[in-house]
Amino acid sequence: MNNKVKCSKFVENLKEYKTASQQVWKLTDKKQREDVIKADWNESVVPPSPKTKKSVLDFIKNYPLNWYPDVEASKLKLSLEKYVKLSKSYIQVFNGSDAALEYVVRAFIDQGDEVI
């Protein structure tokens with residue numbers, strides 16, 4: 001009896017993803033690094049604003065980094081509640097569009113359903 005698990009043709013035909021060179025990380029001169037645009041990994045070509053940098057540094061200085069973040073995103077939901085004038089109980093926050101789409105699919109699509 002053959003106990004080998006058989007993958008789908010799609011999986012069998014997958015090709016290894018080749019990443020772009022990361023030689024830029026070896027640049028030691030700050031000016032050289034600033035002149036490089038790394039758009040190959042869907043990274044922003046615009047650096048964070050000084051206000052964003054300050055907020056991150058303030059957070060690092062004033063909050064315990066060994067704690068998990070507020071998984072309910074309370075401050076964000078409160079801000080959104082005020083902005084959209086809708087109770088925060090109707091607002092969901094996700095870690096990106098993939099997570100949001102998965103949430104919707106799991107809520108409305110059953111195994112075996114046909115979806116277009």
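Me: Which helix gives the largest share of the lining of the second largest pocket?

Reply: On a 1 Å grid over the protein atoms alone, a pocket is an open set of points where a 1.4 Å probe fits, with protein on both sides within 12 Å along at least five of seven lines, and its lining residues have an atom within 4 Å of a point. In this predicted model, the largest share of that lining, 3 residues, comes from α4, where a helix is a DSSP run of H or I with at least four residues, numbered from the N terminus.

Me: How should I read the numbering and the values in this model?

Reply: Residues are numbered from 1 along each chain as its sequence is written, and side-chain values use heavy atoms, with hydrogens and water left out. As the model is predicted, local features need pLDDT of at least 70 and side-chain atom pairs count only at pLDDT 80 or more, while totals for chains, interfaces and linings use all residues.

Me: What is the volume of the second largest pocket, and which residues line it?

Reply: A volume is the space filled by probe spheres set on the grid points, which are joined across faces, edges and corners; for the second largest pocket it is about 350 Å³. Its lining includes Phe59, Tyr63, Trp67, Ala73 and Leu76, and by class it divides into 9 nonpolar, 1 polar and 2 charged residues, with Ala, Val, Leu, Ile, Met, Phe, Trp, Tyr, Cys and Pro counted as nonpolar, Asp, Glu, Lys and Arg as charged, and the others, Gly among them, as polar.

Me: How are the rings of Phe59 and Tyr63 placed?

Reply: A pair of aromatic rings is described by the distance of the centres and the angle of the planes. Rings of Phe, Tyr and Trp (its six-membered ring) pair if their centres lie within 6.5 Å, and planes under 30 degrees apart count as stacked, over 60 as edge-to-face and the rest as tilted. By this rule the count comes to 2 aromatic pairs. In Phe59 and Tyr63 the centres are 4.9 Å apart and the planes stand at 15 degrees, so this pair is stacked.

Me: What does the largest pocket look like in numbers?

Reply: The largest pocket has a volume of about 640 Å³. Of its 15 lining residues, the closest to its centre are Arg33, Glu34, Val36, Ser44 and Pro47, and α2 gives the most to the lining, with 3 residues.

Me: Where is confidence lowest, and where is it highest?

Reply: The score pLDDT is the predictor's confidence in each residue, from 0 to 100, and where it is low, the predicted coordinates should not be read in detail. Here the mean is 87, and 98% of residues reach 70 or more; helix α2 (residues 30–34) has the lowest confidence, at a mean of 82, whereas α4 has the highest, at 96.

Notes. Helices (H or I, at least four residues) and strands (E, at least two) are DSSP runs, numbered from the N terminus.
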